[in-house]
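Thanks for coming, everyone. I'll keep this brief. Please have a look at the structure first.

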Amino acid sequence: MRHLPARMARWSARHAGRAIAGWFAFVVLCLVAGISLGTNEATTEDFWVGEAGRAEATATEGGLERSPTERIMIRARSGELDMAAAGAAARDVTERMRGLPEVESVAAPVRSKDGEVLLVSVVLDGPELEGKENVVPLLEQTAAVGADHPDLVVEETGSPAISKGVNDQRDEDLALSERISLPVTLVTLLIVFGSVIMAGVPLLLALSSIAAAIGLSMVASHVMPDAGVGTNLILLIGLAVGVDYTLFYLKREREERARAGGRLSPEALVELAAATAGRAIVISGLAVIVSTATLYLATDVIFSSLATGTILVVAVAVASSLTVLPALLVVIGRRADRLAPRRAARRARRGKPARSGKPETGRVFGALLRPARTRPALTLCLSVFVMLGLTVPALGLKLIDPGKDTFSRDIPAMRVYDRLTASFPELFVTHEVVTRSTPEQAAQVRRALEDLGRRAQADPLFARAPKKAESGESAEDAMGASGESAEDAMGAEDAKSAQDAQGPENRTNPLNQENSADPGTRALSEPRVRTSADGRISVLELPVSHPAPSAEAIESLSRLRQDHIPATVGRLSGVETAVSGDVARGRDYVSHESDKLPLVLGFLLLMTFLMTVWAFRSVVLGAIGVVLNLLSAGASLGLLVLVFQGTWAEGLLAFDSLGAIASRVPLFLVVILFGLSMDYQVFVVSRIQEARQNGMPAREAVLEGINQSAKVVTSAAIVMVTVFGAFVALHLTEMKQMGFCLAVAVLLDAVVIRLMVLPSVLLLLGERAWWPARRPRRTVRAQEPAAGASAEVG
């Protein structure tokens, strides 16, 4: 692998046209293959985790799985609700919805407790996750009904509409982040290179790498289903590492060009850069890939999707740096050689000295390096103390699985959702108790579930069954409240079908509504039992009048699992019981991630250590790398908790605090941060190692390596901070948290870790830092006597 980057650069440099054409053909091929195959999206089954997942698998086996449901609210635009007008609108909604192929059933209207809202529930056909694609015709029909009844407000919400709104908002947010990050990245590169062409190369390669990775991810989804988040991460990571890798390579080529003073050909300069920066890019990319691969150990479709996207875009970015970048640099270098005499003449006329090949550290970097250079022990102690201090808030980390209650209220369906739950609080959360038994036990299981339902209704944490005259009235009572009968309000045929579907037994005891054709006619706050056709599987639905993230909703789940179930259906021998629902899904997901965290973190630390030892043949450097990465990740997580777990920064960063951190964020960030930290570790230590191999004593090698890499590492960090920081402007709190933490981590790593902690440690350890590697014999840098000669680089 040591000579591979140089050999690839040599071929690309000598066949520049073919290399450039081959790269863009590869990008097009990836996109064509991806578009042709399409994306294999994850199904509902792929998200099943823990007890909630077992419950949903059992319910699906019995044909009792959760269906995507939309709620259409009808209310007065002003004043009291006119029930005659509302009934006409409800009838219009019902007729329109029943005519859609996407709709499975429409329930009879239910009136709110205060009598100000009429609710029509619509069940969509197909799996739960497909609701967001199928909901568009429903939204169009709802808008049409609203236009036909201008005195009423007819609005729609539900998980499908909310999911569609979240996806639309995410697309808008990604476009916004691109509009922010791309110009800032271009300006940064212009400052670094002072050339539009040289600044455009990193962006061109990063964007082409992103395009190729997106195509490859669509192909890969047929092996590992896509959870819908892979493309977001490809854009986020691809722009950051794509620009960074190209930046390191470009800076090294320019150093070699300035040092050679026109004595080397563009091909030889590219090969020299490939032997040093190219090798570091390969090691860095492998480190990110290996670190990210530990996410597969979480056995979660979301983390697997994130890992696949990251691995693909990093691999493609590394490939672009080794193949097409050398070819582009040769083309640009030839042009620069033709223009060099003219530029030299202009500089001479202006009295400016010729450019030196030695990198300039600059005043700012010199000031930042001075403490480590002059007082390494004190600098190390103070820097570590600061990083540990920033880590302390992470000890109070609380995790939450964000549900629809946490989404931005800029989404129209979320504002309607707030009005829905205000009028029908029992629609906040539903716990689903799923049982499996023999057909002979069906009657016994039913009685036990009915008993469980009564116990839950008596528990203040659950939605009590209200009096009929106050809440959750049937369609007949709701319409009759204003003097009309159900026939007058809905139409005689619809009302009769609702009554017939209920039947006398089901009207008197909602717990016996096994497969009611019109569940909307029951009181929404009452429990309901559904049983499969073969009698083996039953589902009890228990409404809870608290939002999913609330302590009351979480406590109701604990009480259900620990107290109510053991006292009822849990007493039955041979009956399997599991609980699902929004709260159970979230709690079980958090528990699943917490259980996997030690395994993922252990492998992450091990692989980071082994990668560093392999790259630099030093056990000490491996241990240092692990400790520094832990410091960087810990400090950034501490700041994340400090900012997002409280409320003091809500106005500053435009978010509503969840009182906790999204459960996926810490594990994902630790893995990604370890990979990105390895980037800087590899590039900085590679320059130190190079100076040491050229015969410099340990102290001088450390200072030389840091001096040579400080400016380019910081420039790369600015690009990454810009890309990640743009995500703080997004609406989704989870994306804000990711962007903030990544931006802070990169900044701390580039400034505190790489300019203060790492130099201090290496200066204090001296040659011991490279144990057990032997001190290299002094080598002399090869000089090319002729401009057209090829450089042999080891």
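One term before we start: a residue is buried under 20% relative accessible area, exposed over 50%, and partly exposed in between. Take Glu128: its relative accessibility is 21%, so Glu128 counts as partly exposed. Keep Glu128 in mind, as we come back to it. And please note that this is a predicted model.

Now the overall picture. The protein chain has 794 residues, and 55% of them count as buried. Its secondary structure comes to 26 helices and 11 strands. Look at contacts with a separation of 6 or more: 80% of them join residues 24 or more positions apart. The chain exposes about 32200 Å², with carbon and sulfur atoms supplying 58% of that.

Let's go to a sheet. Four strands make an open sheet, in the order β8-β9-β7-β10, with antiparallel pairing. Which strands stand at the edges? They are β8, residues 528–531, and β10, residues 576–581. Each has a single partner strand, so one side of each is left without a neighbour in the sheet. On average, neighbouring strands here are turned by 20° against each other, direction ignored.

Inside that sheet, β7 (residues 429–436) and β9 (residues 537–544) pair over eight bridges, in the antiparallel sense. Val434 stands opposite Val539 in β9. Two helices pack on this sheet. Helix α20, residues 551–567, touches β7, β9 and β10, and its direction makes about 25° with that of β7. Helix α21 touches β7 and β10, and its direction makes about 95° with that of β10.

Stay with α21, which spans residues 582–616. Buried or exposed: what is Thr612? Thr612 sits in this helix, and with a relative accessible area of 1% it is buried. Beyond its neighbours within four places in sequence, Thr612 contacts Arg617, Leu621, Gly622 and Met678. Leu610 is also in α21, but at 41% relative accessibility Leu610 counts as partly exposed.

Next, salt bridges. The structure holds 36 of them. In one, Arg66 pairs with Asp582, with the closest N and O atoms 2.9 Å apart. Arg66 is in the loop between α3 and β1, Asp582 is in helix α21, and 516 residues separate them. Arg66 is partly exposed at 23%, and Asp582 is partly exposed at 24%.

Now back to Glu128. Its side chain meets that of Arg585 in a salt bridge, 2.9 Å from N to O. Arg585 lies in α21 and Glu128 in the loop between β4 and α5, so the pair ties together parts 457 residues apart in sequence. Arg585 is partly exposed, with a relative accessible area of 26%.

For another setting, go to helix α9, residues 230–260. Arg252 and Glu255 both lie there, three residues apart, about one turn of the helix. Their side chains meet in a salt bridge at 3.9 Å, N to O. Both are buried. Elsewhere, salt bridges with shared partners join Glu56, Arg66, Glu128, Glu432, Asp582 and Arg585 into one network.

Last stop: strand β5, residues 152–158. Seven of its seven residues are buried. Leu152, Val154, Glu156 and Gly158 point one way, and Val153, Glu155 and Thr157 the other. In a regular strand, side chains alternate between the two faces of the sheet. β5 pairs with β1, residues 69–76, in the antiparallel sense over seven bridges. There, Ile74 stands opposite Val154.

Conventions. Residues are numbered from 1 along each chain as its sequence is written. This is a predicted model: local features need pLDDT of at least 70, side-chain atom pairs count only at pLDDT 80 or more; totals for chains, interfaces and linings use all residues. Side-chain values use heavy atoms; hydrogens and water are left out. Buried means under 20% relative accessible area, exposed over 50%, partly exposed in between (1.4 Å probe, protein chains only). Two strands pair if DSSP finds at least two bridges between them. Axes are lines fitted to C-alpha atoms, for helices over the stretch in contact, and angles run from 0 to 180 degrees between N-to-C directions. Contact means heavy atoms within 4.5 Å. Accessible areas come from the Shrake-Rupley method with a 1.4 Å probe; for residues, only the protein chains shown count as cover. A salt bridge is a side-chain nitrogen of Lys or Arg within 4 Å of a carboxyl oxygen of Asp or Glu.
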